[in-house]
Amino acid sequence: FHTTPQLLGRRGDDDTVGLQTHKKGKFKKRPENAKPPVEAPYIPPKLKKPTKSSADKTIEIFEGMTTLELAQRCGQSVAMLQSILVNVGEKIGSEFDPLGIDIAELIAIEVGVNVKRLYSYEGSIVVPRAPVVTVMGHVDHGKTSLLDALRQTSVAAKEAGGITQHLGAFVVSMPSGASITFLDTPGHAAFSAMRARGAAVTDIVVLVVAADDGVMPQTIEAMSHARSADVPIVVAINKCDKPASDPERVKVQLASEGLPLEEMGGDVQVVEVSAVTKTGLDRLEEALLLQAELMDLKARVDGAAQAYVVEARLDRGRGPLVTALVKAGTLVVGQHVAVGAEWGKIRAIRDTSGKPTNQATPAMPVEIEGLKGLPMAGDDITVVDSEERARMLSVGRKKKMEKDRLRKMNEEKLSSSEENENVPERVELPIIVKGDVQGTVQAVTDSLKSLNSPQVFVNVIHVGVGPICQSDLDLAQATGACIVGFNVRTPPHSVTLAAAQANIKIKVHRVIYHLLEDIGNFIVEKAPGTYETEVAGEAQVLNIFELKGRSKSKGDDVKIAGCRVMDGQVMRSSTMRLLRSGEVVFEGCCVSLKRETQDVETVQKGNECGLVLRDCFDFQIGDVIQCLHQVNKKPKFISSESGAVRIEC
């Protein structure tokens with residue numbers, strides 16, 4: 001419409017100005033020599049592999065984030081997230097509409113990414129709180145005894161084997177009027193995960209070192225846990241009342257491990273105490289309160305609570321019980337909570353002394369009952385609005401955990417099949433683990449998995465909290481497993497009798513040392529072992545005898561080596577090796593072995609004999625004949641002083 005007259009003049013007469021009209025003929029005529037299309041197979045496009053898989057990806061979520069922001073963090077389209085919103089039961093609005101933190105987690109679970117919840121303290125009431133102190137150190141260095149001295153109780157006397165095997169939480173009211181929340185951790189090597197959980201939730205770590213023993217492996221491990229959690233350390237040198245105590249040597253050892261002590265220009269306080277004579281406890285309290293004052297510990301008290309599962313156990317009358325430590329907010333009876341992959345409504349809250357209370361404030365360890373199942377130690381407790389939301393979160397997390405577990409199993413199978421192509425197959429030892437609390441079950445499972453060896457594969461097929469029952473027996477019978485019970489009561493006579501009839505082994509222990517030793521010896525029994533060639537004995541050639549001109553019925557000429565057995569014994573059924581000047585001349589089987597005129601099977605050290613080797617005629621006086629035999633060597637169970645165990649092949 002806006003062209004010039006000159007341009008219009010160049011066009012043909014049939015060209016029209018403006019809208020073009022279609023020419024007649026809708027389809028183009030196919031030429032006669034055209035070939036039919038080739039049916040090529042469909043090749044799907046190669047997808048670019050992301051540098052990090054979505055299952056390993058962790059995103060941060062918070063209350064009020066938009067759908068667009070969540071889509072960007074998940075790496076998915078907004079339309080996909082909106083379709084998930086419909087499935088969750090939420091209304092679809094604009095992509096800039098705010099989402100609740102629970103809905104954001106449900107969407108992230110559906111996408112397949114891990115989440116980390118962030119909470120804002122804006123507009124909240126923030127008040128000072130009591131410090132949470134974790135007591136760590138090597139086994140038998142007096143951690144529980146030190147806490148008993150502070151609490152005026154005697155927990156250590158009631159413990160099985162005299163060692164702590166659980167994670168305990170309690171509040172101690174100090175003489176000054178201040179209160180401190182203590183976490184008591186086990187010192188045995190098997191409970192490394194418990195110590196890591198204690199360091200993750202704490203404000204201050206008290207490192208207990210025995211003055212007469214010094215720095216040990218679990219002491220160094222506790223220091224590394226505290227450093228990785230970025231938690232300040234206060235050193236308590238215990239057992240200073242003993243004659244063999246040497247606190248100065250302990251300080252030098254700690255400094256050599258990289259701990260900056262105050263006396264040497266650092267910032268780590270050192271207190272010399274004695275749990276038996278109760279000396280130095282006031283100085284320890286002063287050091288802890290000073291450290292807490294420097295940290296200026298505060299927490300919000302209003303709004304939904306954030307809590308952490310310290311331990312979980314199954315009670316016969318009350319069901320699943322969770323020992324929890326409140327980090328922020330207030331936990332109230334009647335609230336709906338999602339705890340890991342479990343959910344429930346808080347039926348009752350009890351403090352450390354067992355008294356019921358209606359609410360739990362920050363830094364307060366409590367026992368919660370009312371959950372539908374038993375959560376894992378270390379799970380976060382999330383308060384939600386309704387029962388439906390709690391159930392949805394629980395179902396989503398269970399699905400995610402199952403997907404991750406299957407993916408991990410497939411990865412392990414692939415890696416093991418690639419690595420062990422030429423390695424002989426291992427004997428599988430299936431094990432069912434039952435314990436008193438969730439934390440010890442995890443510790444025992446990890447310890448048993450560490451006993452894997454090139455010959456025996458320890459496969460923990462089922463773990464559970466509670467006593468050994470008939471269902472465990474049925475599973476063991478179906479899989480051929482051994483049942484291991486830790487800190488559980490002895491199974492009833494009917495279960496024991498049924499296990500004996502089905503030839504199922506049940507091993508019940510109360511002390512971790514005995515359990516690991518028993519299972520270690522059981523693994524050694526099950527191991528097929530490796531066959532090695534060893535020298536059973538040596539004989540020296542003193543003279544050579546020849547038998548010539550024998551008849552055809554008796555065979556060809558024979559050379560007999562007259563020998564004296566110098567070491568061990570010589571056996572006719574074994575392989576013989578002929579050595580000359582330390583070099584192997586011949587190796588073969590023994591045809592005849594005689595002592596005097598009698599055919600014998602074995603000749604002991606110091607005796608003389610005559611032997612004939614098949615196809616060997618090159619004997620010389622002074623040669624050494626070695627008797628070789630195959631020995632089946634079993635692996636060894638090795639336990640160190642620190643409690644660490646391993647199977648050595």
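Buried here means under 20% relative accessible area. Keep that cut-off in mind for this tour of a predicted model.

Start with strand β14, residues 336-339. Show the side chains and look at each face in turn. His336 and Ala338 lie on one side, while Val337 and Val339 lie on the other. In a regular strand the side chains alternate between the two faces of the sheet. Are the faces of β14 covered or open? Both are covered, and each of the four residues is buried.

Select Val339 and you will find Glu342 of β15 opposite.

Now bring in strand β19, residues 380-384. β19 also pairs with β14, again antiparallel and over 4 bridges. To see one of the pairings, select Ala338 together with its bridge partner in β19, Thr382.

Move on to the largest nonpolar core, a set of 43 residues. Select Leu331, Ile381, Ile431, Leu448, Ile519 and Ile523, the residues with the most contacts inside this core. Which helix gives the most to it? Helix α14, residues 512-526, supplies 7 residues. Colour by domain as well: domain 3 (303-396) and domain 4 (427-529 + 641-646) each contribute at least three residues to the core.

Finish at Ile519. Setting aside neighbours within four places in sequence, Ile519 is in contact with Ile431, Leu448, Leu451, Val484 and Lys507.

Notes. Residues numbered from 1 in each chain as written. Predicted model: local features only at pLDDT ≥ 70, side-chain atom pairs only at ≥ 80, totals over all residues. Heavy atoms only, no water. Core = buried A, V, L, I, M, F, W, Y, C linked by side-chain atoms within 4.5 Å. Buried < 20%, exposed > 50% of the residue type's maximum accessible area, 1.4 Å probe, protein only. Helix = DSSP H or I, 4+ residues; strand = E, 2+ residues; numbered from the N terminus. Domains from an automatic or database assignment. Contact = heavy atoms within 4.5 Å. Pairing = 2+ DSSP bridges.
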